[in-house]
Each structure stands twice: as C-alpha cells, then as structure tokens.
Amino acid sequence: MEIKICTGSSCHVKGSSIILDLLKAAIKEHGLEDKVQLSGTVCIGQCKSDGVNLEIDGTPVTGVTEKGFAEFFNEKVLKVLKA
C-alpha cells in the first residue's frame, strides 16, 4: 500500500506533519513497515476539506484530522490490508 500525504501549504497548516507522525507510529505499532510505503506529495486539489488530504494507492482521501485519525487508519489501512 502506498500512502502519499499532501505537503502543500493548506495541508501543512491543517497538520500534515502531525498526521505523518501518527501514521508512522500506527504503522510501526501494527508491524506494517513492510506493507505500507509513505511519501509526500504536492497539493492533490482537495484544499477545501477540513483536514489533511492524502492518497492511498492513487485514491484521494480527504479531511483526515488528528481527532479522526484512529477511525481513518482502521477503515482505510488496517481493514484493507487485512482483507
């Protein structure tokens, strides 16, 4: 699985560095280092969302927040990798 985190100015202000840190920690906690590749990307054109935007295997995921991170990770990462 490839996850690209937007590092554009809008997502930076909305906490992309926090989401990146949370992703790194969750990936390590679940032993997924060999299954998930993290990288940054420039704006993916979803700047109006309330949180950070990213892409998972090319599919945009919008509005990821620190508060909603656990739900996002469970639904979009763990559930997919365990399917």
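This is a short tour of the structure above, stop by stop.

**Before you start**

You're looking at a predicted model, where local features need pLDDT of at least 70 and side-chain atom pairs count only at pLDDT 80 or more, while totals for chains, interfaces and linings use all residues. Residues are numbered from 1 along each chain as its sequence is written, and side-chain values use heavy atoms, leaving out hydrogens and water.

**Stop 1: the core**

Select Ile 3, Leu 23, Leu 54, Phe 72, Phe 73 and Val 77. These have the most contacts inside the largest nonpolar core, which has 21 residues. A nonpolar core here is a set of buried Ala, Val, Leu, Ile, Met, Phe, Trp, Tyr and Cys residues joined through side-chain atoms within 4.5 Å. Buried means under 20% relative accessible area, exposed means over 50%, and partly exposed is in between (1.4 Å probe, protein chains only).

Now colour the elements that give two or more residues to this core: strand 1 (2-6), helix 2 (16-29), strand 3 (52-56), strand 4 (59-64) and helix 3 (69-81). Helices (H or I, at least four residues) and strands (E, at least two) are DSSP runs, numbered from the N terminus. Which element gives the most to this core? Helix 3 does, with five residues.

Zoom in on Leu 54. Leaving aside neighbours within four places in sequence, its contacts (heavy atoms within 4.5 Å) include Ile 3, Ile 19, Val 61 and Phe 72.

**Stop 2: along helix 2**

Select helix 2 and check its length.

Which residues of helix 2 are buried? Pick out Ser 16, Ile 19, Leu 23, Ala 26 and Ile 27. They cover an arc of only 100 degrees around the axis, so they sit on the same side of helix 2. That arc is taken from the directions from the helix axis to the C-beta atoms. On the other side, Lys 28 and Glu 29 are exposed.

Show what the buried residues pack against: strand 1, helix 1 (9-13), strand 2 (37-41), strand 3, strand 4 and helix 3. Then step past the end of helix 2 to Gly 31, whose phi is positive, near 65 degrees.

**Stop 3**

Next, select Lys 79 and Glu 75. Their side chains meet in a salt bridge at 3.3 Å, N to O. The rule is a side-chain nitrogen of Lys or Arg within 4 Å of a carboxyl oxygen of Asp or Glu, and by it the count comes to one. Both residues lie in helix 3, four residues apart, about one turn of the helix. Lys 79 is exposed at 51% relative accessibility, and Glu 75 is partly exposed at 42%.

**Stop 4**

Go to Asp 57, in the loop between strand 3 and strand 4. Most residues other than glycine have a negative phi. Asp 57 is not a glycine, yet its phi is positive, about 50 degrees. It is partly exposed, at 49% relative accessibility.

**Stop 3**

Cys 47 is in no disulfide either, with the sulfur of Cys 43 nearest at 3.3 Å. Cys 11 is buried at 1% relative accessible area, whereas Cys 47 is partly exposed at 36%.

Definitions and conventions: Disulfide = S-S within 2.5 Å.
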